[in-house]
Amino acid sequence: MEAFWRRNSHVEKERHVKANARDYNDKFSYADNHIKTSKYNVFTFLPINLFEQFRRVANVYFLVLLILQIIPEISSLSWFTTIGPLVLVLAITAVKDATDDYFRHKSDQQVNNRQSQVLIRGSLQNEKWMNVRVGDIIKIENSQFVAADILLLCSSEPYGLCYIETAELDGETNLKVRQALTITSDLGDITKLMDFDGEVICEPPNNKLDKFTGTLYWRDNEYPLDNEKMLLRGCVLRNTEWCFGLVIYAGLQTKLMQNCGKTSFKRTSIEKLINTLVLWILAFLICMGVILAIGNTIWESQIGRNFQVFLPWNEFQRSAVFSGFLTFWSYIIILNTVVPISLYVSVEVLRLGHSYFINWDRKMYYSQTDTAAEAHTTTLNEELGQVEFIFSDKTGTLTQNIMVFSKCSINGKTFGDIYNEYDQKVEITEKTACVDFSFNPLCDRRFKFYDSNLVEAIKLEDLAVQEFFRLLALCHTVMPEEKSEGNLVYQAQSPDEGALVTAARNFGFVFRARTPETITLCEMGRAVTYQLLAKLDFNNERKRMSVIVRNPEGQIKLYSKGADTIIFDSLDPSNEDLMYTTSEHLDEFAREGLRTLALAYKDLDEEDFDVWMKKLLFASTVIENREKQLADLYKEIEQGLRLLGATAIEDKLQEGVPETIARLSLADIKIWVLTGDKRETAMKIGYSCNMLPDDMSEVFVISKHTVQEVQQELRSAKEHILGLSRVSSTGDVEKTNMFVVDSVFEETIIAEYALVINGHSLAHALEPQLEHVLLDLACLCKTVICCRVTPLQKAQVVELVKRHKGAVTLAIGDGANDVSMIKTAHIGVGISGQEGMQAVLASDYSFAQFRYLQRLLLVHGRWSYFRMCNFLRYFFYKNFAFTLVNFWYGFFCGFSAQTVYDQWFITLFNSVYTSLPVLAMGLFDQDVNDQNSLRYPCLYKPGQQNLLFNKRQFFLCMLQGIGTSFLLFFIPYGAFSVMVKEDGSNFSDQQTLAVTIATSLVIVVSVQIGLDIHYWTAVNHLFIWGSLTVYFAILFAMQSNGIFGIFPSIFPFIGTARNCLSEKSVWLVILLTTVVCVVPGLVVSFLRADLFPTLTDKVRHQQLRKREGPQEQNLRRVRRTSSGRSAKAFSHQQGFGELITSGKNMRMNTVPSVSSPGRTPHSSTWIENVLKRKNRVSCANDESTGGPENSEIAKQTPKQQHTD
Amino acid sequence: MMASSYNAKDEDGHITVTGPGGGTLRSKKPENTAFKQQRLPAWQPILTAGTVLPAFFIIGLIFIPIGIGLYVTSNNIKEFEVDYTGVDMSSPCFNCSQNFSWNSTTPCTCTIPFFLEQPYESNVFMYYGLSNFYQNHRRYVKSRDDSQLNGDMTSLKEPSKECEPYAYHDNKPIAPCGAIANSMFNDTLELFYNDPNGTKVQIPLTNIGIAWWTDKHVKFKNPGVGEANQNLTTAFQGTTKPLNWRRPVYELDAAANNDGFINEDFIVWMRTAALPTFRKLYRIIKSPSNGMMPTMPRGNYTLEVVYITTMSKNLRQNLFNQLNPDYPVRSFEGRKRMILSTISWMGGKNPFLGIAYITVGSVCFFLGVVLLIIHHKCGNRNNSADISN
């Protein structure tokens, strides 16, 4: 775990930082705040870049070839055949590297040049971020990023409190409180700060975001420091005018940068396969070399020895064996084109092109934030077509992280839906007119509500409605902030509460101010102050919170909100009818994936309350068992409540999330949710985005604290699944047939189970002895949700799957807490827009909305994979066909390494004559268009199964290439053995053979690519016909009189093309060769498509038939049908209420303290509730609405919900 | 690392710091072009029975007639071949190839009679054929200097290294250098018609027009052409003849336009054969101008092969086993042939192409039938009917 993030190797045992003492701090030479991610500068670029390029095996291989070619005895080709392409490759790569580095320089510069206010020599001066140094005191203002890791000294708020948003760091958007040491909190002005000369001794830089230990030595006193006093780089200051801090860690040593991890070089599986294949080809090359070398030895000893009359041996070549040895090297040079250097360049170009297509896709452009999809790496595109596991963050990725008050049920009546004149529910869209809140001057303009009935009810002064909103305005822990008259800003610990209070505000019950003892509302324009008598705080066992207030009339009221089950249990029996109605409403809300709360109130007797209050005061001083006693007391008074209604908050999923998930699971992609959020929230989202559908037979929740317990739970869950399936399988086998494959059962198993695992259990489960159990179980389940996980754990889960399943993983997230997982997964995707840029910068792809993932994978990924595979198949075929002709010729030229072709042809074949058509194919080819790719997610499966290019496919195309080379040589051979020109002159010479075979080859590979292309655009036409034209143009140009006159020894083929291609018989040979080379492949592919059509073939046929037909949307919006109502989530945090009632953060109060972090919930009882309630909801969830015929069912679903 | 997320955040209505470059208002929305959206209009061919099967039949129907035409044409070409290597005791050339004394200066001549069954009309082409002769060996192929052969004076005096070991002799540059030139075929073949009345008429052989025009006029040039007062002898001054040659290169032919590097026999030889068994055009027998008589009427003919000692004494001694005085092919089991042939529109006799075309055509037609049957029996005709997810 440690090793995973280990970066800095130099040892720093302890850090000494003295405020306002640059000279002192300079002694330690700590890292400054300058950030450098670039690799080169102008001078180092060439040497370093070349060095890096020559670390690639391929480049070294070509360099070795080049050196071999310089040795005259071996050289069978001129040096230019290799150096041209090599220089081209190096140049292209260098340009690309330089561009990348330029952008890194720019981004570095931008960050480094941000302005920050630093206290230097008695005054605040604007300094660039990069000039901030350890030991400096800097000032941060509201909404500014913190430039370095600083120790909070003082702030504009009382007691040195300040609020920060840590979204960049851990992805949590709720505000956090930080508090300065009391001793430093009054250093509020510059002169005092100037005199501050405390020294901090603390731990060396590390990556632990939530830990800091150190001591401040000042005025001969020691003050312990912890994380609560630190502001880390990347945080944003909120609701605090300003604060001052002492820089402890800067630049690369900040926790943020330490957490960035090393950018590991990601490689796709295809690339690895290519590398393996290249090694195989090398072995094959060596084999051929050996065969030909042996042939040469035999030939030289049998024939060559006697042929010395005309061709004497060289002086040093006195034995046939030595000649064989030299021939071996010569053949290695000739046959090297089976591993063409242009392969690597072409692959790079293709990927770059595919990346651009992703960048250019308008269907992945989000207009609201003006962000287009962006491919940051150009090396992973084809891997997008092979993804099997998706690891998704929740907040900001699946959800918008915006809570919206969307519906409510008041006194048995629902509000929030709108109906048209035929009493049918109308879908709410952006165009729907929303309620006008202009009657309320204090309203929040961003709040939107569509059902005007509720406003009518308010205006009619319906008592229940008034009480409902009064409750919402009173019973919460929100802090108000009124900057100017009427400009209210709420500081909510949880977005849910914020949403509820904002709703109350808009409906005329404006929460305006609070003191520890009072709450001031503005009820329908009238200021009312309530006395806060008691606050029965929320915790995860109680699952509710209540306040007891005295209204101006002197009545004491208890307002309670909480989980429906809990509230319903404590209702007064007289409320039963209302309870049933409300319960139905709650079910309906829950089916729509809303987060629900039930609201209830109660009038209290003055006397009863006094008695209870006394008991409470007593209980709160008890030392033993205080919590329990308090809880009992709370429970005692929260009885006999009167139900007011229920609220439904939408944790707004991003648009299209359920559809995307449904579609991706149809493509056999498993989606795991890894979130730092609480289990309830996580599961709620699971329900609302169809990951935990109703027909899920069991949800296993692992939430234990010790290794043994976790192990036991994992084991029993696994046994449960396997045991059940065994029972059912034996039954099935008896009933149906004996030949059922196991995997079929595995499929059925996967459809039914879900695993939810907690962070602390995960810590144990990820240990080596348990990880296999975890993985097995997780893979048996359809859905896996990990909640309360740390960034590191996210990475570990991804790593686990990556390591043991050998599947392609994709991680998608939006916050800095997802960075580790994004970097670990094969492919990292960042959601840009919501929570800062960390994830986006670490990611390989980024876009604004989760739903674009389906297009990225099912369209772009699939195409990329398809194109890359087609490209590779054709490329290998082409090069085998091209090169092996030389092998066959070896048998007829005394194994002397004589090439069939002109040297120029060898130089230009791969780079000029055939590169563009195959590039065009690799860039533009589409077997199935994008609509159909999305419509039939099953088309994605061949990628996951690696079907389009694997070792078998490689052998097939190699075989085809070898066959073609055989025919390419032997048909001209047959014809040329007795060939005579039309004017009788001899015509069976080498140069004619070379031109004939070369022309046949170019035509054959062009025809073959024509057959391989599925999508003939104008570009394909241009490139194919263009390449043929260019071939003939260059052929005639290089064999023209003019160029021969200038370089007679370089272009010895003068006139061959003219003499050769003017012969009818040559064209007959070329035609014959072409037909014979192409027909076998054609027959095979026709038979395959005709007899065993793949889904792709079928879709293509269909596409052809109804090219113009309208495309119906087969996957309609999948409506929520789950009954996960009791899985309702509270985003409350325990302890915050305490902070408020105690007044610790109120300006007039005295004792400052620190809020305790929220505790993790333990109970798992509600899961049983889920299972119990499961039967109550009968609405079938037809999730797998795949075919168009299913859309009918999808349309009916909402209706059914109503009748339900 | 954190880039410009400043302006992305605008919560609570606070005015946020405008990041650098925040003034650019151009939308990042990608352009809606067919190219960028991958919607380029395209032809999407599919291999269907409707397209593939007719293709096979068409190929069959085109190839079979071509094949028959080629086969018939090839069969109509008359060709006569004589092997005069002299391996057998019975061969008339056996004596010459075995017993010819190398220190004799008189050439040895062997006479081979043959009978032409059919008259040969129009131009008749006379080839010499060699087999098992590896003119395509890499070291042999590159052993030439094209600059020198193109008349370059520098290369004439300093032949390319590629020509080694035939670049210099006795410190003089060899012209033409290299193994190809050195091994030039030098048997002299003469044809006689034995008139039925008993007279032996020598058939006139033309050695002009046997090389490619481009070779003769572009690729090969004598050095010093165009310079005043320069004849070939002076142009080649300071060079020496190839070791195997009897005469220097400027004495290859009496005619000035066929002497030196542009000697057509030489050019023909220099165009190296692709395969170890090859034939090269030796002479043309022009058809008589009146056109009434066949060029070579049916009857008896005699081929006279004149062997000329080609090798120097030294070399002969080095190669102790090479005692053949004629153009030496027997050491490596080579064969020498003389071929007489007429030609047609498709060149010389070439049964391979015709047969190959007929075969391929028939196979394609047959495949078409087989595929048709397979398609009808078990082909998946309702392809898209059962698309399921």
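Which strand of chain B is joined to strand β34 of chain A, and do the two run parallel or antiparallel?

1. It is strand β1 (residues 42–43) of chain B: two bridges join it to β34 (residues 1016–1017) of chain A, and the strands run antiparallel. To find the spot, look for Thr1017(A), which stands opposite Ala42(B). Please keep in mind that this is a predicted model.

2. Now the interface as a whole. On the chain A side 138 residues are in contact with 112 residues of chain B. About 11,200 Å² is buried between the two chains, with carbon and sulfur atoms giving 61% of that area. Phe310(A), Arg362(A) and Phe1086(A) supply 7% of what chain A buries against chain B, more than any other three residues.

3. For polar links, 29 residue pairs are in polar contact across the interface, both partners being at pLDDT 80 or more. Helix α38 (residues 1064–1091) gives the most to the side of chain A that touches chain B, namely 16 residues. By class, that side has 68 nonpolar, 44 polar and 26 charged residues.

4. Two salt bridges are counted between the chains. One of them pairs Asp989(A) with Arg271(B), whose closest N and O atoms are 2.7 Å apart.

5. Lastly, have a look at Ser344(B), in the loop between β11 (335–341) and α11 (351–378) of chain B. Ser344(B) counts as buried because its relative accessible area is 18%, and the cut-off is under 20%. Leaving aside residues up to four places away in sequence, Ser344(B) touches Glu982(A), Thr73(B) and Ile77(B).

Technical notes. Residues numbered from 1 in each chain as written. Chains lettered and ligands numbered in written order. Predicted model: local features only at pLDDT ≥ 70, side-chain atom pairs only at ≥ 80, totals over all residues. Heavy atoms only, no water. Helix = DSSP H or I, 4+ residues; strand = E, 2+ residues; numbered from the N terminus. Buried < 20%, exposed > 50% of the residue type's maximum accessible area, 1.4 Å probe, protein only. Contact = heavy atoms within 4.5 Å. Buried area = accessible area lost by both parts, 1.4 Å probe. Salt bridge = Lys/Arg side-chain N within 4 Å of Asp/Glu carboxyl O. Polar contact = N/O pair within 3.5 Å; in protein donor to acceptor, adjacent residues only side chain to side chain. Nonpolar A, V, L, I, M, F, W, Y, C, P; charged D, E, K, R; others polar. Pairing = 2+ DSSP bridges.
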